[in-house]
Amino acid sequence: MPFAVYVLGLAVFAQGTSEFMLSGLLSGIAADLGVSLSAAGLLTSAFAVGMVVGAPVMALAGRTWPRRRALLLFLAVFVAVHAVGALTSSYGVLLATRFVGALANAGFWAVALSTAVAMVPDRLKGRATAVVVGGVTVACVVGVPAGAVLGERWGWRSAFWAVAIVSLPAFLAVLRSIPGGRGGTDVGAAPVPVRDELRVLTGPRLRPVLLTMALVQGATFCTFSYLEPLLTRESGLGAGWVPVALALFGAGAFAGVTVAGRYADAHPVAFVATGMAALTVGWSALALTAGSPVPALALIPLLGLLAFGTGTALITRVLGLAPGAPTLAGASSTTAFNLGATLGPWAGGLALGAGFGYRAPVGVSALLMAAALLVAATTAKSRRPRAGERRLSGTRL
């Protein structure tokens, strides 16, 4: 595996810490800025909205830029907005910095995914994807709990400063290690026409996979965004347990990405289907047992494993089904991933605001997974070959 692929994973680690760290900081932000817990949760949704909008826009804008230049520009903007966020006392300004930071993150993700898979042979594309996505899981294991500790001891602003500082080594590593090439193409290759890429992405094979990915990630982020109030106000754990729970979730996520990188390429359909069914059961079990700390802490790492293992396999699936869209395949994966990250916290916030209690987001996660299973089952049924037709293995969701 080229060293540059691991460099991309390092940069994604810094950005992933920012994306997920609010799950341990919501109460502090809400109290400091004088807003409700649901409003603080919208900061996660604002980041996700920026990712949804920014992934295709930034990928298209940067498709003719040298890879290194695009990645460095996105990282520089990311650092700058975190400094602004750490300094502001305005909820509106903080909300805007989350959106702009997400635009930069989306651009980086789109270029990073296409760059990583372009640098390896076909047999290693799943592992290259897992290394990049693995940066997010390492963020969950190390960065997010560390952010929660910083927020507990020195306030939520210290976590924002930490993200900006950690991004600087990633900036230098990208500067030294990433080849020039255009954003979504191999070095020296002409970009694929945008119309041809869009034709691939809007085809009937990819649409249900992207919708399924959005629903799976929506389920994950719906609960993850409100994990801190769930544990402290429903499970009865002290605030000191929140970093532990986040680390457990991250450790499970890291294991899930590792497993997906090794095995999802060989059996993609079975891997995704099994993961989705297990997630539906897992979120339902957490909704039923969240009132007791031991079952909740036991389920958290398992759900992290299933959520990120299944999500990584779905990203690999999209990239494998769209070789004719080297720029927008990564962008569409990022968009679907973060569309779920937008809808999940929003739906969880609605359930909280309606007075259904702190377990409500977990119940919503179970419903979203049930919807994902329904989409997958309907798609499989509609594509079942008629009598006399030959089924092609490995081409169905």
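This is a predicted model: local features need pLDDT of at least 70, side-chain atom pairs count only at pLDDT 80 or more; totals for chains, interfaces and linings use all residues.
The classification follows because the cut-off for a buried residue is a relative accessible area under 20%. Thr223 is found in helix H9, and, leaving aside its neighbours within four places in sequence, Thr223 is in contact with Trp283, Leu286, Pro361, Val362 and Ser365.

## The packing of H9 against H12

Thr223 also belongs to the contact between two helices, being one of the H9 residues that meet H12. Helix H9, which covers residues 207-224, packs with helix H12, residues 268-289, at an angle of about 25 degrees, and their axes lie 12 Å apart. Angles under 35 degrees count as roughly parallel, and H9 and H12 are therefore described as roughly parallel to each other. In passing H12, helix H9 makes a left-handed crossing.

On the H9 side, the contact is made by Thr212, Val216, Ala219, Thr220 and Thr223, while H12 contributes Met276, Leu279, Trp283 and Leu286. By residue class, the contact of H9 with H12 comprises six nonpolar and three polar residues, with no charged ones. Two of the H12 residues named here, Trp283 and Leu286, are also listed among the contacts of Thr223.

Side chains of opposite charge can pair when their charged atoms come close. Across the whole structure, a search finds two salt bridges. In one of them, the side chains of Asp32 and Arg157 meet at 3.1 Å, taken from N to O. This pair links distant parts of the chain, since Asp32 sits in helix H2 (residues 26-33) and Arg157 in helix H7 (residues 156-177), 125 residues apart. Asp32 is partly exposed, with a relative accessible area of 42%, and Arg157 is likewise partly exposed, with a relative accessible area of 23%.

The side chains of Glu234 and Arg359 also meet in a salt bridge, at 2.9 Å from N to O. Here, too, distant parts of the chain are linked, although the partners lie in loops: Glu234 is in the loop between helix H10 (227-233) and helix H11 (241-263), and Arg359 is in the loop between helix H14 (328-353) and helix H15 (360-382), with 125 residues separating the two. Glu234 has a relative accessible area of 25% and is partly exposed, and Arg359, with a relative accessible area of 28%, is partly exposed as well.

Technical notes: Residues are numbered from 1 along each chain as its sequence is written. Side-chain values use heavy atoms; hydrogens and water are left out. Axes are lines fitted to C-alpha atoms, for helices over the stretch in contact, and angles run from 0 to 180 degrees between N-to-C directions. Helices (H or I, at least four residues) and strands (E, at least two) are DSSP runs, numbered from the N terminus. Angles under 35 degrees count as roughly parallel, over 145 as roughly antiparallel, 65 to 115 as roughly perpendicular and the rest as oblique. A crossing is left-handed if the near helix is turned anticlockwise from the far one by less than a right angle, and right-handed if clockwise. Contact means heavy atoms within 4.5 Å. Ala, Val, Leu, Ile, Met, Phe, Trp, Tyr, Cys and Pro count as nonpolar, Asp, Glu, Lys and Arg as charged, and the others, Gly among them, as polar. A salt bridge is a side-chain nitrogen of Lys or Arg within 4 Å of a carboxyl oxygen of Asp or Glu. Buried means under 20% relative accessible area, exposed over 50%, partly exposed in between (1.4 Å probe, protein chains only).
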